[in-house]
Structure formats: C-alpha cells, structure tokens
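This report walks through one protein model and the molecules it holds. Take a look at the sequence and the structure first.

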Amino acid sequence: MARLLVTGGAGYIGAHTMVELLAAGHNVICLDNFSNSVPEAVARVQQIAGRAVTLAIGDVRDDALLRRLLAEHPIDAVIHFAALKAVGESVARPLDYYDNNVYGTLVLLRAMAAAGVKRIVFSSSATVYGAPEQLPLTEGAPVRTTNPYGASKAMVEQMLRDLCAADPEWSAVSLRYFNPIGAHASGRIGEDPRDTPNNLFPYVTQVAVGKRERLSIWGNDWPTPDGTGVRDYLHVVDLAAGHLRAVDYSAAHQGFMPINLGTGRGTSVLELVRAFESATGIAIPHSFAPRRPGDIAACWADPSLAARLLGWRAERSVEQACADGWRWQQHNPEGYRAGK
Ligand code: NAD
Ligand code: UD1
C-alpha cells in the first residue's frame with residue numbers, strides 16, 4: 001500500500017479519487033487551499049470510505065509547506081489535481097492560470113525532487129488537442145491549445161517530459177481526461193460549481209432540480225449527426241479508478257507517458273439530454289442558441305493505450321452517470337453548502 005499526496009483532493013475529481021484510493025488501502029494526504037471546494041467534501045470522503053484522510057490546508061505554491069509535508073510523511077507518489085479549470089476565466093485572467101497551474105506545479109516538482117519523490121500522476125485534459133483533425137483522438141495527435149487553461153496543461157506536460165528526460169528515475173503519467181460527469185453512487189459527493197455552471201452536465205442537473213429554467217444548447221448546426229456538439233462523457237468513478245491504475249503503473253515504469261482517459265464513444269448534447277431524461281424521468285426544457293465561441297464540433301478518445309498500459313476501461317454508461325449525478329444533485333440541491 002502506498003502513501004500518496006493528493007493535491008486538490010477536495011475537488012470534484014479529487015474527492016472521487018480519494019474514495020477509490022482509500023478503498024484500495026492506500027494512505028492519503030490531501031493538500032487543498034479550498035479555493036474551489038469545501039472541507040465538507042473531505043469529511044464525506046472519509047464517511048464513504050470509513051477511513052481517515054490526513055488533511056493539509058494550504059497552497060501548492062507554498063514551497064515551505066510542501067517541503068515540510070514531504071519531509072514529515074514518507075510519500076511514495078503524488079496525484080496532482082490542484083488547478084484552476086474554467087476556460088473563459090483563463091482567457092480573462094491568464095496570469096492567474098499560469099501562476100496557479102504552471103508555477104504551482106513547478107514548486108511542487110522542485111519540492112518532490114528535493115525530497116527524492118519522483119512519481120507523479122498529473123491531471124491533464126483533452127483540451128490539449130485543440131480542434132481535432134482526426135477522431136478518435138490518440139495520444140500521438142498534435143498538442144495545440146486554444147486558450148490559457150489548455151496552454152497551462154500543455155506547459156506542465158512539457159515540464160514533465162523534460163524532467164523525465166533529464167532524470168530517468170522520474171515517472172510522470174499525464175492523464176488526459178475527456179468529459180467527466182456523474183457522481184459517486186452514494187449521492188454524498190459530486191460536482192459543486194460555485195457559480196453558473198460552464199459545463200453541460202452540471203447545468204442539466206441544475207435545470208432538473210429547478211435552479212435553472214432551461215438549458216441553452218450552443219448550436220444545432222454543427223457537422224454532427226444531430227447538429228449538436230459531440231463529446232466523450234465518462235463517469236467520474238471510472239475516471240477515479242483510472243488514477244488508481246496510473247499510480248500502480250508509475251511504480252513500475254519510468255519516463256513521461258500521456259494517456260487518454262475516455263470511453264471511446266461520442267455522445268451529442270441532445271443524446272445526453274435524452275439519456276438524462278430516461279434515467280431520471282425528469283424533462284429538461286431546452287432551446288437552441290448560437291454556438292459558444294471556441295467550441296469544437298466533436299471530440300472523443302481512443303482509449304486503447306489506457307487499456308493496454310493500465311488495464312483500464314470505462315465501465316459505466318452515460319445513463320448510469322446521469323442517474324448518479326441526479327442522486328447527488330437531488331439530495332444536495334445547494335451542493336455541500338447545505339452541510340447535510
Ligand atoms: P475542482 O476545481 O473541483 O478541483 C480542484 C481542487 O484544487 C479544488 O479543491 C481547489 O480548491 C484545489 N486547488 C486549486 N488551486 C489550488 C492551489 N493552488 N493549492 C491547493 N489547492 C488548490 O476541479 P476538478 O474538476 O476536480 O479538476 C481536477 C483537475 O482535473 C484539474 O487539474 C482540472 O484542470 C483537471 N481536469 C478537469 C476536467 C473536468 O471536466 N472537471 C477535465 C479535464 C481536466
Ligand atoms: C469544456 C472546456 C474544456 C474542458 C472540458 C472538460 C470550454 C470551451 N472547454 O469543454 O477545456 O477540458 O470542458 O471540463 O469550456 N453545452 C451546451 N449548453 C451548455 C453547456 C454546454 O450546449 O450550457 C454544449 C457545448 O457546446 C458542448 C457540450 O455541451 O458541445 C459539452 O460542453 P462542456 O461540458 O462545456 O465541455 P467541453 O465543451 O468539452
């Protein structure tokens with residue numbers, strides 16, 4: 001069993017991953033500054049898993065804190081979720097994104113190197129591929145980003161690639177997530193956006209719970225079968241399980257390895273809405289609106305490298321993700337803030 005430092009563990013994907021790590025017997029130290037999450041998420045992770053997490057409240061950019069944490073705990077590997085993630089905000093405030101996402105990772109890597117901890121699993125994104133030339137997307141597709149958020153992910157990947165080239169003892173697995181949706185089956189943890197959701201799935205669940213009147217579908221004139229955007233939606237618990245596999249992989253393999261985590265299937269906005277309606281029995285009022293600037297028509301993964309290297313495949317359906325995501329939203333209409 002490993003001792004793992006999980007940065008950003010209180011966030012949406014981090015919380016689900018901590019549950020899986022604890023269930024597998026790993027020891028978890030969570031570092032989070034709660035800039036986009038709340039301590040209640042960590043409390044619920046511990047309730048679900050029936051095991052404790054060591055919580056360190058602080059920032060990944062705090063060099064002294066990181067060095068202390070790495071000196072106090074014999075860490076085997078780091079899973080690095082902590083980042084800002086809103087594309088539109090990154091265009092408006094690019095320096096905040098480079099500071100938090102790129103500089104934050106630099107501080108973390110320096111502290112890891114100083115402590116002799118040379119294994120990292122990094123949260124990357126399919127956004128590094130920009131507008132795909134060919135589908136499905138393989139890891140060999142060119143990296144060309146279209147906004148500062150995506151650029152920050154590509155820059156971190158470059159740092160990891162260079163670091164692994166310089167020191168063959170390093171192992172860096174960069175997981176390029178497609179579109180995580182849904183929630184833990186308990187309905188106790190889930191996605192908890194602070195403001196109006198930017199992403200489709202939390203918007204749909206907020207319409208379902210009555211917080212928003214209707215969904216605007218950004219464009220029905222895309223070159224896709226039904227004219228709406230197509231994405232690769234994967235259940236967040238499948239995504240969490242992928243991290244478990246990546247941690248194991250990094251124990252036995254050195255070097256830099258980017259790996260897609262997706263289902264390999266594309267789902268349109270209209271298909272997702274229908275899947276949600278059939279999984280929950282709730283109608284989602286929607287209307288069409290102009291395309292969102294910066295959007296792409298379609299994007300889905302070739303997940304065969306993850307199957308080959310990690311022995312990982314997404315197992316849960318979009319319908320399952322809808323049912324689980326709805327359970328979370330229904331029982332927590334105000335997210336964690338209700339404190340139930
Ligand atoms: P999230 O905002 O829910 O979680 C991020 C967590 O990191 C939060 O708890 C936040 O408080 C913390 N954090 C942010 N900056 C920090 C800092 N400087 N120091 C310490 N803690 C900090 O986001 P998420 O959806 O769980 O995403 C996790 C990671 O996955 C991010 O790196 C994100 O870019 C990446 N990612 C997310 C998606 C997605 O659709 N959710 C897709 C691709 C990649
Ligand atoms: C967004 C991010 C991307 C990130 C990904 C996963 C942008 C431009 N890109 O991409 O960097 O990696 O999330 O977190 O923000 N849609 C609607 N109505 C809505 C919301 C979305 O029709 O209210 C449509 C979109 O046009 C798209 C699909 O739903 O076709 C999915 O959108 P979204 O959930 O934002 O994910 P991505 O566009 O893949």
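The second ligand comes first. The model is predicted. Around ligand 2 stand 18 residues. The closest are Leu 200, Ser 216, Arg 231, Arg 292 and Asp 295. Strand 8, residues 215-218, gives the largest share of this shell, with four residues. By type, the shell holds eight nonpolar, seven polar and three charged residues.

Which protein atoms lie 3.0 Å from an oxygen atom of ligand 2? One is an N or O atom in the side chain of Ser 125. Another is a polar side-chain atom of Asn 199. Arg 292, one of the closest residues of the shell, also has a side-chain N or O atom 2.8 Å from an oxygen atom of ligand 2. On its own, ligand 2 has 740 Å² of accessible area, and the protein covers 86% of that area.

| Ligand (atom) | Residue | Part of residue | Distance |
|---|---|---|---|
| Ligand 2 (oxygen) | Ser 125 | side chain | 3.0 Å |
| Ligand 2 (oxygen) | Asn 199 | side chain | 3.0 Å |
| Ligand 2 (oxygen) | Arg 292 | side chain | 2.8 Å |
| Ligand 1 (oxygen) | Gly 11 | backbone | 3.2 Å |
| Ligand 1 (oxygen) | Ile 13 | backbone | 2.8 Å |
| Ligand 1 (oxygen) | Asn 36 | side chain | 2.7 Å |

For ligand 1, the protein covers 95% of the 820 Å² of accessible area that the ligand has on its own.

**The shell of ligand 1**

How many residues surround ligand 1? The count is 27. Asp 32, Asn 36, Ser 37, Lys 85 and Tyr 149 are the closest. Asn 36 also makes a contact through its side chain, where an N or O atom lies 2.7 Å from an oxygen atom of ligand 1. Gly 11 and Ile 13 take part through the backbone: a polar atom of Gly 11 is 3.2 Å from a ligand oxygen, and an N or O atom of Ile 13 is 2.8 Å from one.

Three elements each supply at least two residues of this shell: helix 1 (12-23), strand 5 (119-125) and helix 6 (148-166). Strand 5 has the largest share, three residues. The shell divides into eleven nonpolar, eleven polar and five charged residues.

Rolling a probe the size of a water molecule over the atoms shows where empty space is left. The structure holds one cavity of 30 Å³ or more. The largest cavity has a volume of about 80 Å³. Its lining includes Tyr 12, Glu 191, Phe 201, Thr 205 and Trp 328. Which helix gives the most to this lining? Helix 7 does, with four residues. Helix 7 (200-208) and helix 11 (318-331) each supply at least two lining residues. The lining is made of six nonpolar, five polar and one charged residue.

**Ring pairs**

Phe 201, part of the cavity lining, also belongs to an aromatic pair. The structure holds five such pairs. The ring centres of Phe 201 and Phe 276 lie 6.2 Å apart and the planes meet at 70°, so this pair is edge-to-face. It links distant parts of the chain: Phe 201 is in helix 7 and Phe 276 is in helix 9 (residues 269-280), 75 residues apart.

**Backbone details**

Two loops deserve a look. In the loop between strand 5 and helix 6 lies Pro 136. A cis peptide bond joins Leu 135 to Pro 136, with omega about -5°. In the loop between strand 2 (27-32) and helix 2 (39-49) lies Phe 34. Phi of Phe 34 is near 55°, a positive value in a residue other than glycine.

Conventions
Residues numbered from 1 in each chain as written. Chains lettered and ligands numbered in written order. Heavy atoms only, no water. Near = heavy atom within 4 Å. Polar contact = N/O pair within 3.5 Å; in protein donor to acceptor, adjacent residues only side chain to side chain. Areas by Shrake-Rupley, 256 points an atom, 1.4 Å probe, with all protein chains shown as cover. Nonpolar A, V, L, I, M, F, W, Y, C, P; charged D, E, K, R; others polar. 1 Å grid on protein atoms, 1.4 Å probe; cavity = no way out; pocket = protein on both sides within 12 Å on 5 of 7 lines; lining within 4 Å. Points joined across faces, edges and corners; volume = space filled by probe spheres on them. Phe/Tyr/Trp six-rings, centres within 6.5 Å; stacked < 30°, edge-to-face > 60°.
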